[in-house]
Amino acid sequence: MEYRKLGSTGIQISRISMGSHHLKNPQDIDKHAENFFYAYKQGINFFETGDTYGNNCSELILGAAIKEMKKHKKPFYIMSKTHAGDSKTFRKNLENSLKNLGISCIDSFTCLWGVKSFEEWRGAKNYGAIREMEKAREEGLIKHITFSSHLQNKELIEMIGEYKFDYSLQGFNIINSKYRLKGIMKTHEKDIGTIAMNPLATGDLLLYEDIFNAIRIKEDQTLVQAAYAYILSFPFIDSVLGTFNSKDEINEAIKTLYQEPYSAKERSEQEGKLKERINQVGLERKIEVGKALRQRPHILREEVADLFGVYPLSV
């Protein structure tokens, strides 16, 4: 496993991280807890969850894994999230998450969850979101002030210009990188750590393999590995976060690190090959796939329309 400094936090974060948003059959707590602990043994040390993920099971899953992690010396870091911004509910949800996870202090517990516009950020800030996290940090319940977002360049730059966060979780992949690149570069300049989520566009790259297989520019790489390699090639991305439902999926992602990192030239080749493949696809198929992609909350209409070269309102 490779590690990188996560902004100014002092954390050495694994280049591959593990989330829990799209766990299959999350009621099978033992199976998924075993996978999280397996990932930890392979060197993954950053784990992300949310208080409602997996039909409210994901924190219990991670909590079961943490029981085993505590028996070992290697550090681990946990991020959880809530949509509650008022003081009473935020505190209630934080305490419940700490209980579910079996810990007394969490690295990050943020109520800035999935911010999709500057207006959302400004509204959350005015409502007191930052104040609640700062209070929890002062009480020793959380260690870092963080956020997760799907913001494009201009709005992300404006947001981080108003507060010095410790690190962030950003939706970033080969579909939307053009619209988010400058914003994430700015977070790096400000020494705010960046973890990229949705590397596979919530699995859609695999669902539309006939198109996205074009980014596999190395024969010995799977599509998953090509998608991870693309993101890891950007020097300002500290870690890539994926959801894994088996040990094989964990191994597949980690094996990306065994290969020579992509150069900027190879990354451009991926983008060019994808564009070539899209140009070979008929208009109806472009619109069909574009509509499916933009149904995801982390992929915006203009990002899809630009990638597929279609009328924005058609998708």
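This is a predicted model: local features need pLDDT of at least 70, side-chain atom pairs count only at pLDDT 80 or more; totals for chains, interfaces and linings use all residues.
Ser-87, Phe-90 and Leu-94 of helix α4 are in contact with Glu-132, Met-133, Lys-135 and Ala-136 of helix α6. Sorted by class, this contact of α4 with α6 holds four nonpolar residues, one polar residue and two charged residues. Helix α4 covers residues 87-101 and helix α6 covers residues 129-138; their axes come within 10 Å and cross at roughly 45 degrees. An angle under 35 degrees would count as roughly parallel, and 65 to 115 degrees as roughly perpendicular. The helices α4 and α6 are therefore oblique to each other. The crossing of α4 and α6 is right-handed.

A second pair consists of helix α5, residues 118-127, and helix α7, residues 153-160. Their axes lie 9 Å apart, and the packing angle is about 20 degrees. Because angles under 35 degrees count as roughly parallel, α5 and α7 are therefore described as roughly parallel to each other. On the α5 side the contact is made by Phe-118, Glu-119 and Trp-121, and on the α7 side by Glu-155, Glu-158 and Met-159. These residues of α5 and α7 divide into three nonpolar and three charged, with no polar residue.

The third pair is found further along the chain. Helix α13, residues 264-279, packs against helix α15, residues 301-308, at an angle of about 80 degrees, and the axes are 9 Å apart. That angle makes α13 roughly perpendicular to α15. Leu-274, Lys-275 and Ile-278 of α13 meet Asp-306, Leu-307 and Phe-308 of α15. By class, the contact of α13 with α15 has four nonpolar and two charged residues, and no polar residue.

These helices belong to a protein whose secondary structure comes to 15 helices and eleven strands. Taken along the principal axes, the C-alpha atoms fill a box of roughly 55 × 40 × 35 Å. For 315 residues, a compact globule would have a radius of gyration near 20 Å; the protein has 19 Å, so its value agrees with that of such a globule.

What mean pLDDT does the protein have? The average is 93, and 100% of the residues score at least 70. Which elements have the lowest and the highest confidence? Confidence is lowest in helix α2, residues 53-56, with a mean of 82, and highest in strand β2, residues 12-14, at 98.

Terms used. Residues are numbered from 1 along each chain as its sequence is written. Side-chain values use heavy atoms; hydrogens and water are left out. Axes are lines fitted to C-alpha atoms, for helices over the stretch in contact, and angles run from 0 to 180 degrees between N-to-C directions. Helices (H or I, at least four residues) and strands (E, at least two) are DSSP runs, numbered from the N terminus. Angles under 35 degrees count as roughly parallel, over 145 as roughly antiparallel, 65 to 115 as roughly perpendicular and the rest as oblique. A crossing is left-handed if the near helix is turned anticlockwise from the far one by less than a right angle, and right-handed if clockwise. Contact means heavy atoms within 4.5 Å. Ala, Val, Leu, Ile, Met, Phe, Trp, Tyr, Cys and Pro count as nonpolar, Asp, Glu, Lys and Arg as charged, and the others, Gly among them, as polar. pLDDT is the predictor's confidence in each residue, from 0 to 100. The radius of gyration is taken over C-alpha atoms; the globule rule is 2.2 Å times the number of residues to the power 0.38.
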